[in-house]
Amino acid sequence: MLKPKPLNIVRPKFPPLADFRKDFEAALKSGQVTNNGPWVRQFEERLSAITTAPALAFNSGQSALMTMLAACEVQGGEVICPSFTFPATPSAIIWARAMPVFADINPRTLVLDVNDVMQRITSRTRAILSVDAYGNSSDYAALTKLCERQGIKCLFDSAPAFGSTDLGYPNGSWADAQIFSFHATKQMPTMEGGALCSRDKYIIERARMIRNFGLDHTGVCQMPGINGKMLEVCAMIGCVQLEHYADHQHRTRRQAAARMSTALTGITGLTVAKDRHSAEPNWLYLPIMIDAVEFGLDRDLVVALLEDRGIHVRTYYPACHLMPAFWFPMVTLPVTERVAREVIALPLYNDMTTDEVDRITAAIKEIRDAR
Ligand SMILES: *Cc1c(COP(=O)(O)O)cnc(C)c1O
């Protein structure tokens, strides 16, 4: 029997070499391949035009995240973040010499529960770092208001959420600062890459220095820094990607998520995560939750049976507070712990076909019926 092509968890979409070959050759010939070259500056300008906030390009989402936290001077304090996230989030907080304080998530939207965040604010809290899980926007408006009242920084790890909007506002325009990732696994890849957006001139100026070893424009080191600079070739790819991400790629993803979600609604023991209704996520993945008792099979078995059918999924996100690096067993995060046990991230691609969507939903129903 002919085996169908495997469906991987991600299928990165890059522009053809012809679209940036001449520019790449010119950069190689000139020798200017990095260090804030013309393509990086152009990419930043185009990002700013979309997000409506000043933007700095980085060589990864993680270096943008580390820089954002250091630029906001969180050292010595606490930063509230979800445990339900990619481990990069609490890692960056510890790297910025602050303590992550984990808060629980909303069981439906899987982003930070604002009421739970409020319970965890102390005199040591310097910032809230919310995560736009799977591209679904955090409750930006409520978190911004809360932080203003408390006099703390409101930050977003929007690594998976470039292009998402909330209340009609583009992602990047919210709060004190936001970061994005353009890694190959994200929906607008530049191979490796990231960006920081902020309307706060002080944050942008500090971030600019931290990105370049902490050096100011005269070459004096003002603070410990990193090498966070984006390559020219990545910025060239980014400029081409920006011309397409919003139109068909974005629409395709959204339509695929809607079709998958509809087909999986009403199955006992299976819950499809919902977007916050004011938000338009980019849907990096479609998260579903499997209740082992009600569905009749546990999550890990469903994952294995999907793998057998050539459908590769992820058990994103883990509960970070239960991992050795961030071992905080004293914290109780009941929603996070349950969701981390039950969640499956289903793949969505920029060029996903309806046949591919139907293959995934049919496989899940077949697994359920055969249990
Ligand atoms: C992808 C991701 C990161 C890291 O971004 P890189 O570009 O891979 O460094 C950080 N936080 C979250 C929530 C992510 O999804």
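## Contacts with the ligand

The side chain of S181 places an N or O atom 2.7 Å from an oxygen atom of the ligand, a polar contact in the sense of a pair of N or O atoms within 3.5 Å. This is a predicted model, in which local features need pLDDT of at least 70, side-chain atom pairs count only at pLDDT 80 or more, and totals for chains, interfaces and linings use all residues. Residues are numbered from 1 along each chain as its sequence is written, and side-chain values use heavy atoms, with hydrogens and water left out.

At Q62 a polar backbone atom is 2.9 Å from a ligand oxygen. On its own the ligand has 390 Å² of accessible area, and the protein covers 91% of it (Shrake-Rupley method, 1.4 Å probe).

## The shell around it

Around the ligand are 14 residues, with G61, Q62, D157, S181 and K186 coming nearest; a residue is near if one of its heavy atoms lies within 4 Å. The shell is made up of 5 nonpolar, 7 polar and 2 charged residues, where Asp, Glu, Lys and Arg count as charged and Gly is among the polar ones.

## A cavity to look at

The largest cavity has a volume of about 70 Å³. R11, T185, K186, Q187 and R253 lie nearest its centre, among 14 lining residues (those with an atom within 4 Å of a point). That lining has 7 nonpolar, 3 polar and 4 charged residues.

How values were computed: A polar contact is a pair of N or O atoms within 3.5 Å; within protein, one must be able to donate a hydrogen and the other to accept it, and residues adjacent in sequence count only if both atoms are side-chain atoms. On a 1 Å grid over the protein atoms alone, a cavity is a set of points where a 1.4 Å probe fits but cannot get out, and a pocket is an open set with protein on both sides within 12 Å along at least five of seven lines; lining residues have an atom within 4 Å of a point. Grid points are joined across faces, edges and corners, and a volume is the space filled by probe spheres set on the points.
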